[in-house]
Structure formats: structure tokens, C-alpha cells
Amino acid sequence: MTGDKKVLFSGMQATGSLTLGNYLGALKNWVSLSDEYECFYSVVDLHSITVRQDPAELRKRARNLLTLYIAAGLDPEKNCIYYQSHVSGHAELAWILNCFTYMGELNRMTQFKDKAAKHADNINAGLYTYPVLMAADILLYQADVVPVGKDQLQHLEITRDIAQRFNHLYGDVFTIPEPFVGRVGAKIMSLQDPSKKMSKSDENPNGSVYLTDDADTVMRKFKRAVTDSCANIAYNEEQPGIRNLIDIYCACTGKTPQQTVKEFDGKGYGEFKLAVGESVVDVLRPLQTKFAQLQKDKAYIDSVIKNNGEKAERFAAKTLRKVQKKVGFPERIR
Ligand code: TRP
């Protein structure tokens with residue numbers, strides 16, 4: 001239904017600010033994927049309300065996220081970047097799939113257990129059926145591949161199980177999605193604890209560099225980055241802090257770890273940290289300039305939201321009508 005190209009779907013939450021890790025590890029590498037895949041990137045605002053949100057803040061963050069994706073180089077003519085809440089098919093399919101998902105399966109979801117523990121005062125049914133909505137997102141577009149982090153693999157697994165169960169009952173309705181293993185980007189760790197991934201939900205803001213951080217903030221965070229007492233710039237397991245800084249430097253400059261180790265041979269950590277910080281500032285500067293320009297161009301962003309929302313709607317409607325027919329809903333009279 002999408003021509004020759006395979007379909008790639010990814011969803012992102014507009015909660016928390018995107019980090020350098022999100023950019024170097026994922027976003028940056030997605031720019032060229034539209035040559036090969038029909039790409040859908042949904043700002044999943046339906047998922048966001050499973051935990052309490054401030055409405056004005058959520059709206060602002062969702063728009064900023066969508067704008068940031070474009071600023072980072074995702075061409076909205078070639079990639080469908082849209083709001084999940086603008087395509088009602090997500091919620092409609094999620095309801096149907098809820099009826100093909102067992103509570104026993106949902107009870108096993110580790111993210112639900114974590115989130116329920118974290119938000120003990122608001123363990124709502126949406127939090128529980130979150131993976132079913134995610135399955136609906138993916139299956140609605142007949143996605144072949146889904147780029148997801150490790151923490152979302154279990155949700156992709158349940159998506160496959162639900163799709164297979166449905167197909168078994170009704171014939172080949174859904175494409176069975178695979179995790180996307182393509183050009184993997186750099187895995188960036190926290191600047192404060194190099195054993196942890198850099199995360200947008202880190203409580204310690206010094207551990208993460210945000211894409212919207214100004215140059216002074218970026219430099220300050222790198223100056224404070226945790227290293228070790230070896231006083232030697234080398235790329236190995238025993239020096240995870242330095243190794244992470246080398247990875248960041250390489251991702252920003254295109255150099256290899258070997259070249260970097262050579263370049264800083266005999267130099268101090270202080271000097272190296274400044275160089276890494278500057279390489280990051282150089283990468284963020286054009287992105288932030290573009291973001292600021294786009295933010296001012298309200299009419300353009302509105303047109304992207306409208307056109308891509310409509311495009312997503314067209315894709316989604318095809319799958320939804322098929323599913324509705326399969327489960328026995330009456331035909332629409334036209
Ligand atoms: N649950 C994902 C996350 O928190 C976001 C998401 C929602 C998603 N729907 C998706 C990711 C569909 C991939 C595909 O990161």
C-alpha cells in the first residue's frame with residue numbers, strides 16, 4: 001500500500017528535552033533513511049497523558065519536538081512528522097487491539113511496573129494499556145521496521161504477538177514489524193555517570209546535554225564531566241568516562257577513536273574536555289539557529305502539521321477500515 005518502499009515507524013514522547021544522546025544516537029542517523037524507507041515519526045501525545053501533564057506545557061513541548069525534528073534535518077516532504085492525536089485511527093485501533101491482548105501479557109511489562117511504582121498515586125488504565133496503543137501506532141501504518149531503544153523492545157515484542165494473533169484469526173491483515181537495526185549511531189552515556197545512558201529523564205541535569213543548551217551551559221557540563229584518575233587519554237573499558245568523551249568527540253567531528261587518542265596524546269583531561277565541549281557546540285549551533293528560524297515561521301510549521309497529519313490519516317484509514325471489516329463492524333453507507 002506504500003509502493004515499493006518498506007515502512008519505518010517511530011514514536012517519540014514530547015516529555016523532557018531531547019539530549020545530545022538522542023541526536024547523535026538516533027535522530028542524526030535518521031535523516032538519510034527516507035531514501036530507503038517510507039518514514040513516519042509521530043509525536044505521541046496520546047501516550048503522554050498516561051502521566052499527568054500541564055496542558056499548555058504539553059502543547060508547547062509537542063510543537064517544539066516536531067520543530068526540532070525538522071531542524072535536525074528530517075525533511076517533512078520526505079518524512080511524515082505528525083501528531084498522534086490528529087489521527088483518530090490510533091485510538092480506534094488501540095481499542096480493537098485491547099480486545100486481542102491478555103491481561104497476563106500486560107502484567108509482564110516491566111515499564112508498566114516501573115511507572116506504576118513511580119506514579120503510585122495515578123496508576124490509570126491508560127498506563128496499563130500503553131503497549132497496546134503503541135502496537136496500534138505501529139500496525140496502523142503496516143510498519144516493517146521500528147527503531148527503538150532497548151527499553152522499548154518488550155513493547156515491540158508484544159506488538160508482534162498481538163499482530164500474529166490477529167492475523168491467525170483473520171488472515172494477513174498486519175505486517176509483522178521488526179526492530180530496526182540499521183546504521184546505529186553512537187551510544188552516548190551520562191556525563192556524570194558513564195555507566196548510565198544519557199537520558200532526557202535524568203534527575204541530574206549535568207549528566208545530559210540538551211539540544212537547546214547554550215554554548216556556556218554545554219562547556220560548563222563538559223568541564224564537570226566525570227573522568228578518572230588515570231590521567232591518560234585512552235580508549236578502553238577501564239576508563240568509561242574518557243571513553244564516552246571520545247565517543248562524543250568522534251560523533252561530532254567524524255574522527256576515529258584512534259585518531260583522537262593520537263591527537264590528545266600527552267594532553268591533560270582539562271584541555272580534552274574543552275575540545276569535546278567545543279565540538280558539541282559546533283554541532284548544536286546550526287541546529288539551534290535553524291530551530292529558532294523555524295519557530296518563528298508559524299505558517300510553515302502549521303502547514304507541515306496539516307499536510308503530514310492528512311497524509312498519516314490516509315495511510316491509517318486503509319488499515320483501520322480493513323480491521324473494522326474483519327472484526328465484523330457494519331459497512332459504512334455512502
Ligand atoms: N513508547 C515509546 C517511548 O517511550 C514511544 C512510542 C510510542 C513508540 N509509540 C511508538 C516508539 C511506536 C516506537 C513505535 O520511547
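Tutor: Helices (H or I, at least four residues) and strands (E, at least two) are DSSP runs, numbered from the N terminus. The model is predicted, so that local features need pLDDT of at least 70 and side-chain atom pairs pLDDT 80 or more, while totals for chains, interfaces and linings use all residues. Residues are numbered from 1 along each chain as its sequence is written, and side-chain values use heavy atoms, without hydrogens or water.

Start with helix H8, which spans residues 153-170 and contains Thr159. Thr159 has a relative accessible area of 0% and is therefore buried (under 20%; exposed is over 50%, partly exposed in between, with a 1.4 Å probe and protein chains only). Setting aside residues up to four places away in sequence, Thr159 touches Ala135, Ile138, Leu139 and Pro177 (contact means heavy atoms within 4.5 Å). Asn167 is also placed in H8, and its relative accessibility of 11% counts as buried. With residues up to four places away again left out, Asn167 touches Asp172, Val173, Phe174 and Ile176. From Asn167 to Phe112 the C-alpha distance is 26 Å, across 55 residues of sequence.

Helix H7 covers residues 125-140 and holds Ala136. Ala136 is buried, at a relative accessible area of 0%. Not counting residues up to four places away, the contacts of Ala136 are His90, Leu93, Ala94 and Leu97. Ala136 and Arg160 are separated by 24 residues in sequence and by 11 Å between C-alpha atoms. Between H7 and strand E4 (145-146) runs a loop that contains Gln142. Gln142 is not a glycine, yet has a positive phi of about 55°; this residue is buried, with a relative accessible area of 10%.

A positive phi near 55° also occurs at Ala231, likewise not a glycine. Ala231 lies in the loop between helix H9 (215-223) and H10 and is exposed, at 63% relative accessible area.

H10 (residues 240-253) packs against H12 (residues 269-296) at an angle of about 35°, with the axes 9 Å apart (axes are lines fitted to C-alpha atoms over the stretch in contact; angles run from 0 to 180 degrees between N-to-C directions). The residues in this contact include Leu245, Ile248, Tyr249 and Cys252 of H10 and Phe272, Lys273, Val276 and Val280 of H12. Cys252 is buried, with a relative accessible area of 15%. Its sulfur is 9.4 Å from the closest cysteine sulfur, in Cys250, so the two are too far apart for a bond.

Phe222, apart from neighbours within four places in sequence, is in contact with Leu20, Leu191, Val209, Leu245, Ile248, Lys273, Val276, Gly277 and Val280.

How values were computed:
A disulfide is a pair of cysteine sulfur atoms within 2.5 Å.
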